[in-house]
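Please look through the structure shown here, and follow the strands, the helices and the packing of side chains in turn.

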Amino acid sequence: MAWRLLLRCLYSLYFTGQQVLGLVENQSDWYLGNLWKNHRPWPALGRGYNTGVILLLLDKLRKMKWEQMWRLTAERELMGMLSTSLADQDIFNAVIKQNPFLVYQLPCFWNVQLSDHTRSEQCYRDVSDLKVIHWNSPKKLRVKNKHVEFFRNLYLTFLEYDGNLLRRELFGCPSEADVNSENLQKQLSELDEDDLCYEFRRERFTVHRTHLYFLHYEYEPAADSTDVTLVAQLSMDRLQMLEAICKHWEGPISLALYLSDAEAQQFLRYAQGSEVLMSRHNVGYHIVYKEGQFYPVNLLRNVAMKHISTPYMFLSDIDFLPMYGLYEYLRKSVIQLDLANTKKAMIVPAFETLRYRLSFPKSKAELLSMLDMGTLFTFRYHVWTKGHAPTNFAKWRTATTPYRVEWEADFEPYVVVRRDCPEYDRRFVGFGWNKVAHIMELDVQEYEFIVLPNAYMIHMPHAPSFDITKFRSNKQYRICLKTLKEEFQQDMSRRYGFAALKYLTAENNS
């Protein structure tokens, strides 16, 4: 609504007649056609206009059939020019050259283009309130220009700003939450602010800024439709796991990273400095910007799940290393167990080491030997046995074929499923029950749990997360988690009826 009002104000105050495009004059000599011998740019009005920043009156553009207008102009010019040099900017300028009445020239401070040209220099020398600095190429950070240090510092400082602060306090940019504010406010009004678990409940409705595909991503679909994406989430303190995972898993990966704006820039520098990460284009990095008091673990998982390009996904955690060759083994298992036509969750048995330096087992036989020597353990056997006990590690030791196991209370294995499986429940934030609830939902939807006999993954040691520390030290945190668990089970009973009764019984007996 705020932007609509702004556009109406600009239109009523400045735009007249048939003006529908607000543009800043191009501040280089490109369209003058005298940069070198035989330089032949696309047609433009005077110096032309820069399309790095455009104000579009979309309703009027549609009425004047803009799509036909630019296409006809582009097709005609391409007969002589063969291709564009400056992409859409060439086409916009060709249209404006024919129809100069379409454009309203915006003041230069709405699109300051760093260059040595007098016009550009005069703009940023004389104007104290610059609106938009146009970095149209990463190379601009390295250009030789007497003002470049000033602009570089402005640019880098802006990248380090807290984006939430900019949105809320300085500029008031509308967010998705503002657009849907009526529904959001209704949901929030139904919460009791005196409830000791209010902050937990409110977190479920928090809208996070999200930057999908933060780095370049490419994916070539597998011809046999068996491809599997590893799905995980992480924060800045787990960044060191990325290179190791990429070395262990050659297939596509979808990661949701929970970062502040400053951390996102640190991650960018880290990734660009890593030969391992830069050599992998099949890793989708999705930044979810920090907001609120809790780590939104299940929201992050849902973001990573939603943006996979394969029919199957391996739902993992960032602090696990998959066995070498697991990617190909899972693709073969997808066919063997007919995942395409059945509701199955293939379990990858989880183990752990307490050693920061581990000679990673290259086979099941080597892993079993390390288990016997006490170098490895079944995951969380000493603190949370129930989480993985139903995997039946004793049977796995000698198993040569996949075997089925039954759901039990607090079961939270790592599984491979089709991409159409249920999402994670967002009410669970921070530490506790986030995976347990998801596995319960798979079970009530009649997924079969099948343990893979020759698959394994190993948890690597690390310092406790902030959320697990809060869980251990804060009694109210544990009370709220218990309350959320009970409410989740009640919701399951309402949604699935008699089929969900066993979860309440299991909880009471555990």
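In this predicted model, 9 strands form an open sheet with mixed pairing, and their order across the sheet is 6-9-8-7-10-16-12-17-15. Strand 6 (210–211) and strand 15 (403–405) stand at the edges with a single partner strand each, so one side of each of them has no neighbour in the sheet.

Within the sheet, strand 8 (residues 253–259) and strand 9 (residues 283–289) run parallel and are joined by 7 bridges; Ser 254, for instance, stands opposite Gly 284 in strand 9. Helix 12 (residues 261–272) packs on the sheet, where it touches strand 8 and strand 9, and its direction makes about 135° with that of strand 8. Helix 14 (residues 297–306) also packs on the sheet, touching strand 6, strand 7 (228–235), strand 8, strand 9 and strand 10 (312–315), and its direction makes about 145° with that of strand 7.

Turning to the side chains, in soluble globular proteins nonpolar ones tend to be buried together. The largest nonpolar core in this model has 110 residues, of which Leu 255, Phe 267, Tyr 285, Phe 314 and Leu 330 touch the most other members. Leu 255 has contacts that include Ala 232, Leu 234, Val 283, Tyr 285, Ala 304 and Ile 318. Another core, of 26 residues, lies apart from the largest one, and among its members are Val 24, Tyr 49, Leu 61 and Met 69.

As for confidence, the mean pLDDT of the chain is 86, and 87% of its residues reach 70 or more. Over residues 1–7, however, the pLDDT is below 50, and this stretch has 2 contacts in the model beyond near neighbours in sequence.

Key. Residues numbered from 1 in each chain as written. Predicted model: local features only at pLDDT ≥ 70, side-chain atom pairs only at ≥ 80, totals over all residues. Heavy atoms only, no water. pLDDT = per-residue confidence, 0-100. Contact = heavy atoms within 4.5 Å. Pairing = 2+ DSSP bridges. Helix = DSSP H or I, 4+ residues; strand = E, 2+ residues; numbered from the N terminus. Axes fitted to C-alpha atoms, helices over the stretch in contact; angles between N-to-C directions. Core = buried A, V, L, I, M, F, W, Y, C linked by side-chain atoms within 4.5 Å. Buried < 20%, exposed > 50% of the residue type's maximum accessible area, 1.4 Å probe, protein only. Lists of a residue's contacts leave out its neighbours within four places in sequence.
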